Amino acid sequence: MQAWQVHENGEPSEVMRLEDVGTPTPGDGQILLKVRAANINFPDALMCRGQYQVRPPLPFTPGVEICGETEDGRRVLATPALPHGGFAEYAVADAAALLPAPDALDDAEAAALHIGYQTGWFGLHRRARLEAGETLLVHAAAGGVGSAAVQLGKAAGARVIGVVGGAAKATVARELGCDVVVDRNAEDVVAAVKEATGGRGADVVYDPVGGAAYAQSAKVVAFEGRIVVVGFASGTIPSPALNHALVKNYSILGLHWGLYNTKNPKLVQHCHERLTELAAQGAVKPLVSERVPLGGAAAAVQRVADGVTTGRVTVVPGLTEGGAA
């Protein structure tokens with residue numbers, strides 16, 4: 001079969017190589033899946049660079065999120081067991097962790113409903129306890145992680161402010177349903193958010209960016225607000241001033257979704273059931289901005305790493321280079 005392999009760490013476009021390799025053999029409790037679609041996540045780029053908390057042995061195939069097909073034809077969502085990731089024709093996954101793919105979504109959309117939406121649901125509902133009528137601020141609102149949080153926030157009845165970088169991304173954020181969009185390239189984020197909230201600030205801040213975005217979050221979070229720390233796409237891990245959290249009376253909440261798979265997997269199943277319901281209602285629908293064939297995976301992972309994409313970019317092995325299935 002064909003699979004992208006990383007033999008040394010570096011930029012995805014430089015170290016990912018498409019090779020003919022043997023079909024992986026499932027281990028105990030694992031299952032072989034035909035990859036129908038593999039969603040690209042920022043951690044895929046970090047793994048290529050050797051900068052992620054999970055460091056699979058070299059060589060490995062990246063791709064942490066797929067819609068796959070079992071031998072008996074079932075469509076399922078899975079997080080492949082590395083080093084046999086999803087940017088390949090076949091992958092392996094833990095059989096006990098498979099989730100049924102929602103009927104309301106096609107393969108690419110289904111692949112994108114998993115990690116980003118689970119992270120959003122746990123962040124907004126389990127950690128921040130977002131309530132209807134509250135104001136939610138989402139950084140990188142047009143990106144893969146941010147777009148999921150925007151849709152989930154709207155589905156929960158929140159007023160959503162999206163922060164983006166550039167006019168094109170601002171258009172996407174509005175189409176996703178943001179009530180207010182702030183272009184950090186053209187506006188003062190802190191001033192714009194304070195104006196949009198009458199000086200009160202945001203009840204919940206969803207931050208997958210870190211760096212300067214976190215500093216802005218601390219300045220605009222409301223009394224008894226909650227900042228959900230999701231990741232550090234900026235490459236800079238902030239050092240929060242805890243005295244500021246004390247005097248302003250807000251909470252800083254960490255979110256590592258992967259821990260729920262080991263600490264409380266029943267919650268992951270419950271979350272998926274809720275997400276499936278929301279997808280069936282049309283309340284959430286992953287924004288898949290690009291569907292690329294297997295041969296385009298390395299370039300696509302690099303675009304995600306460079307922050308130039310919107311929504312989700314998904315690798316679909318069944319596509320030809322011309323884009324036909």
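**Exercise 1.** Is Arg291 buried, partly exposed or exposed, judged by relative accessibility? Then find the partner of Arg291 in a salt bridge.

*Solution.* Keep in mind that this is a predicted model.
- Step 1: Arg291 has a relative accessibility of 39%. Partly exposed covers the range between under 20% (buried) and over 50% (exposed), so Arg291 counts as partly exposed.
- Step 2: The side chain of Arg291 forms a salt bridge with that of Asp106, at 2.7 Å from N to O.

**Exercise 2.** Work out which parts of the chain the salt bridge between Lys285 and Glu109 links, and how accessible each partner is.

*Solution.* 
- Step 1: The two side chains meet at 2.9 Å, N to O.
- Step 2: Lys285 is in the loop between helix H11 and E14, and Glu109 is in helix H3, so 176 residues separate these distant parts of the chain.
- Step 3: Lys285 is partly exposed at 45%, whereas Glu109, at 9%, is buried.

**Exercise 3.** Starting from Glu69 and Arg36, trace the network these residues belong to.

*Solution.* 
- Step 1: Glu69 and Arg36 pair through their side chains in a salt bridge of 2.8 Å, N to O.
- Step 2: Because Glu69 lies in strand E4 and Arg36 in strand E3, the pair ties together parts 33 residues apart in sequence.
- Step 3: Glu69 is partly exposed at 24% relative accessibility, and Arg36 is partly exposed at 27%.

Conventions:
Residues numbered from 1 in each chain as written. Predicted model: local features only at pLDDT ≥ 70, side-chain atom pairs only at ≥ 80, totals over all residues. Heavy atoms only, no water. Salt bridge = Lys/Arg side-chain N within 4 Å of Asp/Glu carboxyl O. Helix = DSSP H or I, 4+ residues; strand = E, 2+ residues; numbered from the N terminus. Buried < 20%, exposed > 50% of the residue type's maximum accessible area, 1.4 Å probe, protein only.
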